[in-house]
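Subject: Structure handover

Hi,

Here is the structure for you to look over. My notes on what turned up follow below it.

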Amino acid sequence: MRKCDVAVIGLGLMGSAALDALLDSGVDALGFDPVGPGSNRGSSHGSCRIFRRFNFENSNYTALSDEAHAGWMRLQNDHGKTILTPTPVLEAGLPGSRMVAASRAATIGKGLPDPVLTPAEANRRFPAFDLPDGWDVVVQDGGAILRTEVVMEIMRARAGDRVITEAAQFEPRQDGVSIRTANDAFFAERAILALGPWLGRALPKLGSLLRITRQAVGWFRPARPASVELGRLPIFILERGPNDVVYGFPNFESRGVKAAPHNHGPAVGPDDWDPPATDRELGPVSEALATLVPGAAGPIVDRDICLYTNTPAADRRPDQGEEFIIDRWPDTRLVVCSACSGHGAKFAPAIGQRLARLATDPTFEAEPFFRLSRYSAF
């Protein structure tokens with residue numbers, strides 16, 4: 001039986017960042033995941049995610065974004081591969097948009113100039129847009145395209161033979177965690193579970209707090225290609241009404257404009273990756289582009305499906321911590337991590353450090369808005 005101090009089960013962005021932090025600090029750690037970089041399954045698959053310094057979802061996240069940005073830049077500088085491509089983030093919505101107001105407040109709260117623009121100013125600066133008069137608009141300069149495929153390849157290479165490329169079953173014991181694969185047995189003093197949509201299956205009690213949703217993503221052939229290239233089109237998040245938010249990227253891969261609904265899709269199970277995304281699912285995105293970003297509007301040329309693992313609002317001590325659970329599992333030597341694949345990805349270096357400390361430092365506690373104690377069930 002092979003032994004280690006910490007096992008990380010699940011090596012998407014969060015698990016890989018935790019394993020990287022553990023190995024970097026000299027901890028004897030192993031990672032388990034049958035899925036390798038480049039797979040089209042798993043919470044962290046795909047080429048890119050949005051990095052935003054100022055987040056309308058939660059005022060707690062600015063400091064977390066800054067910490068994560070420093071981690072991404074260290075990784076980028078160490079390996080000489082582009083991880084973050086700086087790109088402005090345009091957020092726009094109907095008059096009185098809470099999303100736009102929250103991003104604006106977060107920016108001003110750090111002592112930076114007011115990021116507000118008029119729709120006319122935004123349309124002139126970024127000619128792919130046709131934002132209506134009267135809309136609220138901000139453009140923040142703290143954004144970037146996060147190259148997730150590059151990150152996954154780097155972190156897997158850094159871990160080397162510390163990765164076990166097999167599915168793992170675990171069993172908590174009083175003195176640690178027993179782990180079995182098809183070919184071997186392991187024992188860890190502690191284990192981090194970063195299983196994405198499969199976390200609720202591994203811990204059914206936690207499953208009642210998680211909601212997995214199907215998120216359709218499309219790539220659109222632009223009507224005006226020159227207007228949507230990197231440097232001409234920002235990352236954008238457009239709020240057309242309640243539960244009607246669309247986000248998108250410039251055509252930085254010569255693949256088309258990537259765009260998708262930001263609001264949650266239908267509830268599904270952790271293995272429900274099929275069928276492929278349909279034109280009907282992407283209909284609201286096509287309509288939004290045609291109306292608000294006509295330079296990007298065009299036929300759908302590629303599709304993908306992501307599964308988001310969503311955490312509901314806390315039922316005690318509600319403090320806007322609605323997207324993450326990062327905590328020790330009660331009465332075991334397990335550490336759990338649940339972070340929405342789309343929203344949580346940008347924080348991976350910061351979350352990975354916290355997961356590593358939860359597994360190795362008995363005095364460390366995660367911030368209150370990450371803890372299971374927000375829920376009466378715990």
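Leaving aside its neighbours within four places in sequence, which residues is Ile 351 in contact with? They are Met 14, Leu 64, Ile 326, Cys 337 and Phe 370. Keep in mind that this is a predicted model.

Cores next. Ile 351 belongs to the largest nonpolar core, which has 48 residues. Together with Trp 72 and Ile 192, Ile 351 touches the most other members. Several elements supply at least two residues each to this core: β1 (2–9), α1, α2 (61–79), β8 (144–147), α5, β18 (324–328), β19 and α10 (348–360). There is also a second, separate core of 34 residues. Phe 126, Leu 238, Val 257 and Trp 273 are among its members. As background, nonpolar side chains tend to be buried together in soluble globular proteins.

The largest share, 5 residues, is from α3. By class, this lining splits into 18 nonpolar, 13 polar and 10 charged residues.

The second largest pocket has a volume of about 710 Å³. Its lining counts 42 residues, with Gly 10, Leu 11, Asp 33, Ala 194 and Trp 198 closest to the centre. Two or more lining residues come from each of α1 (13–24), α5 (148–159), β10 (169–173), β19 (334–339) and α9. Here α5 gives the most, with 4 residues. The classes are 20 nonpolar, 16 polar and 6 charged.

Last, the strands around β11. Why is strand β11 (residues 176–180) largely enclosed by the rest of the structure? Because 4 of its 5 residues are buried. On one side of the pairing list is β10, which is antiparallel to β11 over 5 bridges. A hairpin of 2 residues joins β10 to β11, and Arg 173 stands opposite Gly 176 in β11. The other partner is β12 (residues 185–193), also antiparallel, with 4 bridges to β11. The β11–β12 hairpin has 4 residues between the strands. Ser 178 stands opposite Phe 187 in β12.

Over to you.

Best regards

Note on methods:
Residues numbered from 1 in each chain as written. Predicted model: local features only at pLDDT ≥ 70, side-chain atom pairs only at ≥ 80, totals over all residues. Heavy atoms only, no water. Nonpolar A, V, L, I, M, F, W, Y, C, P; charged D, E, K, R; others polar. 1 Å grid on protein atoms, 1.4 Å probe; cavity = no way out; pocket = protein on both sides within 12 Å on 5 of 7 lines; lining within 4 Å. Points joined across faces, edges and corners; volume = space filled by probe spheres on them. Core = buried A, V, L, I, M, F, W, Y, C linked by side-chain atoms within 4.5 Å. Buried < 20%, exposed > 50% of the residue type's maximum accessible area, 1.4 Å probe, protein only. Contact = heavy atoms within 4.5 Å. Pairing = 2+ DSSP bridges.
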